[in-house]
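Take a look at the structure below.

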Amino acid sequence: MSGLSTKRLMKELADIQSKGTPEGIILLSADSMEEWVFLISVLGEETIYKGETFALRMKFGNRYPIDVPEVTFLANEQYQPPLHPHVYSNGHICASILGNEWSPVLNAVAICITMQSMLASNKKKERPEGNDRYVRTAPSNPKLTRWHYDDDTV
Amino acid sequence: MSTQTDAAPAQASAEGQPRVIDENTDLSTLTDQEIMKLMEGMDHQDDQMNKPLISTPVPLSVIRQEYEKGSTQILKKLDWLAENGWDQVWRARGDGDCYYRSFTLAYLVRILHSTDSQLEANLAYESIQRALPAMEQCGFDKELYEEFLDSLLVLIRSFAEGGESTSTEYGIVQSLQDAERSNCIVVALRLITSSYIRTHSDLFSPFLLSPTTFLPLSTDDFCRSEVEPCGKEADHAQIMALAEALNIGVRIAYLDRSDLGSEADSAINWVEFGKDTSEPGRPLTLLYRPGHYDVVTKDVLPQV
């Protein structure tokens with residue numbers, strides 16, 4: 001990893017350890033400076049995800065924070081990606097902040113907050129259109145997919 | 001929402017010997033590695049990514065050669081530049097950060113060629129310091145922006161300390177070819193630009209449009225989607241904000257097909273931003289070709 005990315009991740013980790021994470025967001029593992037996993041749940045009574053917990057994995061490349069990390073919801077025996085019109089069943093997420101609107105002033109916790117509010121504002125549990133086709137042909141790294149962002153407010 | 005899934009197919013085939021991929025290959029069987037390989041040759045973006053971030057100057061005549069079969073208006077403008085002494089072009093990589101990289105190079109070269117580089121470096125340092133309160137006002141984390149900004153401040157301080165990296169044009173170009181340093185400076189300039197627009201919202205908001213839909217954007221949306229992310233081109237609002245924030249003049253020669261008519265005193269359209277843009281004020285001078293910025297200068301040094 002480059003000096004910049006290591007330094008930045010160390011700082012983010014120290015901030016999380018000293019100040020904690022926002023409610024509903026827990027750092028599950030940060031075993032290395034390359035891959036972190038957060039647990040995300042949506043707060044309140046109104047949400048359609050009440051009682052559900054999702055695992056969000058971030059892989060930081062050596063150009064972080066200039067480049068966006070690779071972010072997916074885990075899809076394994078223990079965790080399933082949320083049913084959401086922007087989240088594919090393989091865990092890939094279509095969100096502009098994870099693509100061409102990533103900015104180096106954002107950080108891991110900011111991504112978690114964005115994902116949490118994306119879930120909080122959703123009213124309908126459904127997969128994106130064309131989910132099966134996408135999942136069948138998707139590259140393992142969602143950053144290789146050319147996303148087309150129609151509406152981030154859904 | 002939708003995805004272009006055919007541009008990003010799956011990893012189904014076995015690892016091992018590279019196989020022949022032709023029009024009969026089922027796209028859904030391509031592996032990630034094969035896709036990357038295929039895109040290497042095809043993708044213009046990848047081609048750009050192999051070019052230096054910024055390079056030592058080429059003669060303007062090299063640019064002219066690219067247009068020899070092109071529009072006569074453009075050739076006329078190039079000839080006017082040449083006749084008026086604008087004889088070298090410092091190319092920036094066309095990755096969407098070219099304005100900020102060109103700005104940085106021109107900013108540092110301007111200090112280098114000042115009669116008193118140390119004084120000019122101190123003035124630049126002070127201008128940058130004056131732009132910081134706006135960043136704090138906008139809620140940017142101080143520790144965070146200082147880390148990006150440090151890459152630029154180190155180079156500016158180097159003038160005062162007689163450092164090697166800033167003692168020649170070549171040294172400056174070499175320093176700016178370091179990707180991590182150059183990218184940090186791009187981010188720092190983007191944050192300075194963003195915080196200037198955010199703190200002068202009344203001035204800018206009527207002009208903040210989405211470059212894709214041409215619909216008005218709020219100041220916050222514009223800064224978040226068009227200024228702060230790397231790879232987003234600078235347009236008039238960003239250029240003006242950065243020039244004002246750092247209190248520097250910027251003149252941009254527009255190398256486009258527009259006809260200036262016979263009455264114009266120069267055959268090229270210079271668009272000016274910021275303070276004193278007259279020649280004695282030594283503004284930064286950039287060359288704009290639709291979608292791209294480079295630096296254009298008059299060669300003031302004897303050939304080495």
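**A sheet and its surroundings**

Strand 4 (residues 250-254) and strand 6 (residues 284-289) of chain B pair in the parallel sense, over 5 bridges. Strands pair if DSSP finds at least two bridges between them. Helices (H or I, at least four residues) and strands (E, at least two) are DSSP runs, numbered from the N terminus. Within this pair, B:Y254 stands opposite B:Y288 of strand 6.

This is a predicted model: local features need pLDDT of at least 70, side-chain atom pairs count only at pLDDT 80 or more, and totals for chains, interfaces and linings use all residues. Residues are numbered from 1 along each chain as its sequence is written, chains are lettered from A and ligands numbered from 1 in the order written, and side-chain values use heavy atoms, with hydrogens and water left out.

Now widen the view. In chain B, 6 strands form an open sheet in the order 2-3-7-6-4-5, with mixed pairing. Strand 2 (58-59) and strand 5 (269-273) of chain B each have a single partner strand, so one side of each lacks a neighbour in the sheet.

Helices lie across these strands. Helix 12 (residues 236-245) of chain B lies across strand 4, strand 5 and strand 7 of chain B.

Follow the chain on from there. B:N247 sits in the loop between helix 12 and strand 4 of chain B. B:N247 has a positive phi of about 55 degrees, although it is not a glycine.

The peptide bond from A:Y64 to A:P65 is cis, with omega near 0 degrees. A:P65 lies in the loop between strand 3 (54-59) and strand 4 (70-73) of chain A.

Note on methods:
Contact means heavy atoms within 4.5 Å. Axes are lines fitted to C-alpha atoms, for helices over the stretch in contact, and angles run from 0 to 180 degrees between N-to-C directions.
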